[in-house]
Every structure is written in structure tokens, then in C-alpha cells.
Amino acid sequence: MKRFFQIYRTEQKLFFRSADVFIFNLCMPVAVLLLIGMIGEGKSAAGSSLTYLQSAFASLIAVGICCSAFMSIPIVIVDYRDKKILKHFYCSPCSPAWLLGADTLCSAVMAGISAILVSATAALVFGYRMPGNPLLFVGAWLLTLVSMFSIGLMIASLCRTVKTMNAVTSLVYFPMLFLSGATVPYELFPKGLQAVANIMPLTQGIKLMKAVSMGMTFPVAKYVVILLLLITIVCSTIAVKAFRWE
């Protein structure tokens, strides 16, 4: 375990030095929250029972998950494979699996920091208080994180080259970011776009977190939980079966 945490500390430093991670994981969710809070604070989001701030809170916390799952994890793993770093770890006392575990943990830490920054900004700047159960919200957040990370790991296993990975992650990341309700409130979408958004697993995770954060009844909550668990199991299995060190 000592070697694992040595790898983790090194990888975490590299994550903090990454401009992309800093901008998209940490700065963008807070900036969008400030913009939405200043423009729409107290106003109803598209005639729904939620204000813009209430709708944006859970959604923007999901941005950190989205960035970590579909940008950080696949990029790091495929880049290390392409540069033969994973192969070279076979010649060291450290298992290559430790490197993968450390990078996945780094991504989870960045998503967690993003969630804390969004929560702190909402509470300190706009006086937001979560009506729902915070522990249940953390559980919904973890479930969403694990399911999205499993998709990211599957992409990292199936993509053999950096070029292919860049194309696939772009096709997954940007629709998830902009059409799932993560940055633009789901309530503002027209019916047709909502139907498209409902296909995306991140949309379901955001709906679950939003309902839990507001203490609202979510009739299909158990089905969303089952769906996210199935995604985690299926994608994780594919990731393990398809993974190659070189």
C-alpha cells in the first residue's frame, strides 16, 4: 500500500498541474453557478417547481463527474498505454494495476473537490441550503460517479490509440456535458430535446441527485438506481475483459 500511495501522490500532483482539469473540473462549474445564480436566483426554471439555483446545484455537481469520467480517465490511461508506460511498469516492483487505480482515485478526488467548490459557492454566495438529506445526496452522487467512471474505463479499454480515444471521448463527453442537463437546466429543454437527453445515463443520475437534494418524491428512483448499477456492472466487465497493457 505504501507504493500505491507513492504513485497516487505523484499522479495527483500531475492532475493539479493540468490546465484542462483545473479549468473544466474546478473553474467551469463554479463560474456557471455564479452566472445562473446572478441571473435567475429566485426565479422558477421554465415554470417548474424548482428555481434556477435549485435546478443548477445538482446539475453542476455532475459536471465534475462528467469531466473526470470522460476526459481524465480515458486520456490518462490510453496515453500511458501509447507511451509504453504501462508496459514498463511490468519491469518495476509496482503493479500496473496500481497505476490505473491511482489515476482512477485521482479522478474521483477531482470530482469530489469540484462538488465541494460548487456546494461552498452556492452556500456562501447565494445562501443555498439543501432541503433534502445530505447523506442520501452523497449516495446518489457516488452511484452516479461510479457508473460514469465505469463507462470511462470501458472507453479506455476499447480504444487502442490516442487518436481513436480523442474521437470517442469527444462524441461522448460533449453531448453528456451539454444535453444531459449538466450545464443547461434540463427544465429549459423543449420536449423533443428532453426525450434525447433522457437516453443519456448522466441525465438519469442528475435527475436522481436533483430529486434527493430537494427532498422530492421521485417515482422512478428505484429504476434509475437499478439502471446505474447495471451500467456499472456491464461497463466494468467489458473494461476488464477488453483491457490491454500495450
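Reply: Buried here means under 20% relative accessible area, exposed means over 50%, and partly exposed lies in between, with a 1.4 Å probe and only protein chains counted. The structure is a predicted model, in which local features need pLDDT of at least 70 and side-chain atom pairs count only at pLDDT 80 or more, while totals for chains, interfaces and linings use all residues. Residues are numbered from 1 along each chain as its sequence is written, and side-chain values use heavy atoms, with hydrogens and water left out.

The side chain of D79 meets that of K83 in a salt bridge, at 3.2 Å from N to O. The term requires a side-chain nitrogen of Lys or Arg within 4 Å of a carboxyl oxygen of Asp or Glu. A search of the whole structure finds one salt bridge.

K84 lies in the loop between α3 and α4. Helices are DSSP runs of H or I with at least four residues, strands are runs of E with at least two, and both are numbered from the N terminus. The phi of K84 is near 65°, a positive value in a residue other than glycine. Most residues other than glycine have a negative phi. K84 counts as partly exposed because its relative accessibility is 39%.

Confidence deserves attention in this region. The pLDDT is the predictor's confidence in each residue, from 0 to 100. Helix α4 (residues 85-88) has the lowest confidence in the chain, with a mean of 77, whereas helix α6 (residues 134-158) has the highest, at 93. For the chain, the mean is 85, and 93% of the residues reach 70 or more. Where pLDDT is low, the predicted coordinates should not be read in detail.

Helix α3 (residues 52-82) also contains C66. C66 has a relative accessible area of 0% and is therefore buried. Its C-alpha is 8.6 Å from that of F149, although 83 residues separate C66 and F149 in sequence. C67 is in none, since the nearest cysteine sulfur, that of C66, is 5.6 Å away, and a disulfide is a pair of cysteine sulfur atoms within 2.5 Å. C67 is buried, with a relative accessible area of 2%, and C106 is likewise buried, at 0%.

In helix α9 (residues 201-214), 13 of the 14 residues are buried, so the helix is mostly covered. The residue following α9 is G215, whose phi is positive, near 65°. Helix α10 (residues 221-242) contains L230, which is partly exposed at a relative accessible area of 47%. T232 is also found in helix α10, but counts as buried because its relative accessibility is 13%. The C-alpha atoms of T232 and I116, 116 residues apart along the chain, are separated by 24 Å.
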